[in-house]
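Me: I have a structure open here and I'm new to it. Can you walk me through what's in it?

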Amino acid sequence: MTGPSAVGSPTKQKFLGFCISPTKQGARLRPHRQAKLRIKAKLKQITKRNRGRSLDLIMHEIRQVMTGWLNYYGIGRMKKFIHGLNQWLKHRLRQYAWKQWKKIGTKIVNLIKLGISRHDAWIWANTRKGYWAVSGHGVVNYSMKNEVLARWGYQDIHPTVRAHSLKLLNRRIQNRTYGSVRGR
């Protein structure tokens, strides 16, 4: 039980979803492990292969969830986590698109549209590998580059976090005092 009177290491205790981590510059906030697991589970639920939603709708849902999460946790240090989450999410989106194409002919046509040779498209469309394995390998990974994902509506999380954290750190905070310290 972690409550107001919990005793333990401040680097492991959770308070409002954050932990304190020591650095050379002093103590910094970071999202707690449970918060990281929760956002990954939420994104996994959104990108489930059997949901049957369009990529536009999936991208919209991801933007909504990540905007809210970053608005809350954006002040914390999480560069490595966000980089890993971004890579994992791109892999999930490639998998989702590959599953949506379903038929061999559709896969061949779409891979050719993305710039893959007809021969390679035919080979990868007829592979026996699963969706996850195909979405992380050669031709499919090469054809669905970051530019293609951006064209489909995916906003890269990594640069968004940097811009967002700078905006949060540089904002003006009102203290509701007018005139003097007492507010008179």
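Me: Let's start with one residue. Where is N86 placed?
Reply: N86 is in helix α3, which covers residues 79-101. Keep in mind that this is a predicted model.

Me: Is N86 buried or exposed?
Reply: N86 is buried, because its relative accessibility is 2% and the cut-off for buried is under 20%.

Me: What does the N86 side chain make a polar contact with?
Reply: The partner is the side chain of Y154, at 2.4 Å.

Me: Back up a bit. What does the secondary structure of the chain come to?
Reply: The protein chain has nine helices and two strands. Read from the N terminus, the order is β-β-α-α-α-α-α-α-α-α-α.

Me: How do strands β1 and β2 run?
Reply: They run antiparallel, with six bridges joining β1 (residues 18-23) to β2 (residues 26-31). The link between β1 and β2 is a hairpin of two residues.

Me: Which residue in β2 does F18 stand opposite?
Reply: F18 stands opposite P31. F18 also belongs to an aromatic cluster, together with W69, Y72, Y73 and F81.

Me: OK, aromatics then. How many aromatic pairs does a search of the whole structure find?
Reply: The search finds six aromatic pairs. One of them is W69 with F81: the ring centres are 6.0 Å apart and the planes are at 50°, so this pair counts as tilted.

Me: Which charged residue lies over the face of W88?
Reply: That is K40, at 4.8 Å from the ring centre of W88. A second case involves K145, whose charged end sits over the ring of Y142, 4.5 Å from the centre of that ring.

Me: Changing topic: how many salt bridges does the count come to?
Reply: The count comes to two salt bridges. In one, R51 pairs with E61, and the closest N and O atoms are 3.0 Å apart. That pair links distant parts of the chain: R51 is in the loop between α1 (33-46) and α2, while E61 is in helix α2, ten residues apart.

Me: Why does R51 count as partly exposed?
Reply: R51 has 22% relative accessibility, so it counts as partly exposed. E61 has 16% relative accessibility and therefore counts as buried.

Me: What does K90 form a salt bridge with?
Reply: K90 forms a salt bridge with D156, where the closest N and O atoms are 3.7 Å apart. This pair also connects distant parts of the chain, since K90 is in helix α3 and D156 is in the loop between α8 (146-152) and α9 (157-169), 66 residues apart.

Me: Is K90 buried or exposed?
Reply: K90 is buried, with a relative accessible area of 4%.

Me: What does L93 touch?
Reply: Leaving out residues up to four places away in sequence, L93 touches T47, I58, M59, I62, L149 and Y154. Y154 is also the residue whose side chain contacts the side chain of N86.

Me: How far apart are L93 and R49 in space?
Reply: Their C-alpha atoms are 9.4 Å apart, although L93 and R49 are 44 residues apart in sequence.

Me: Zooming out, what share of the chain is buried?
Reply: Buried residues make up 34% of the 184 residues in the protein chain. For contacts with a separation of 6 or more, 61% are between residues 24 or more positions apart.

Me: One last residue. Where is K102 found?
Reply: K102 is in the loop between α3 and α4 (104-113). Its phi is near 50°, a positive value in a residue other than glycine.

Me: And why does K102 count as exposed?
Reply: K102 counts as exposed because its relative accessibility is 55%, and the cut-off for exposed is over 50%.

How values were computed
Residues are numbered from 1 along each chain as its sequence is written. This is a predicted model: local features need pLDDT of at least 70, side-chain atom pairs count only at pLDDT 80 or more; totals for chains, interfaces and linings use all residues. Side-chain values use heavy atoms; hydrogens and water are left out. Helices (H or I, at least four residues) and strands (E, at least two) are DSSP runs, numbered from the N terminus. Buried means under 20% relative accessible area, exposed over 50%, partly exposed in between (1.4 Å probe, protein chains only). A polar contact is a pair of N or O atoms within 3.5 Å; within protein, one must be able to donate a hydrogen and the other to accept it, and residues adjacent in sequence count only if both atoms are side-chain atoms. Rings of Phe, Tyr and Trp (its six-membered ring) pair if their centres lie within 6.5 Å; planes under 30 degrees apart count as stacked, over 60 as edge-to-face and the rest as tilted. A charge sits over a ring if NZ of Lys or CZ of Arg is within 6 Å of the ring centre and within 35 degrees of the ring normal. A salt bridge is a side-chain nitrogen of Lys or Arg within 4 Å of a carboxyl oxygen of Asp or Glu. Two strands pair if DSSP finds at least two bridges between them. Contact means heavy atoms within 4.5 Å.
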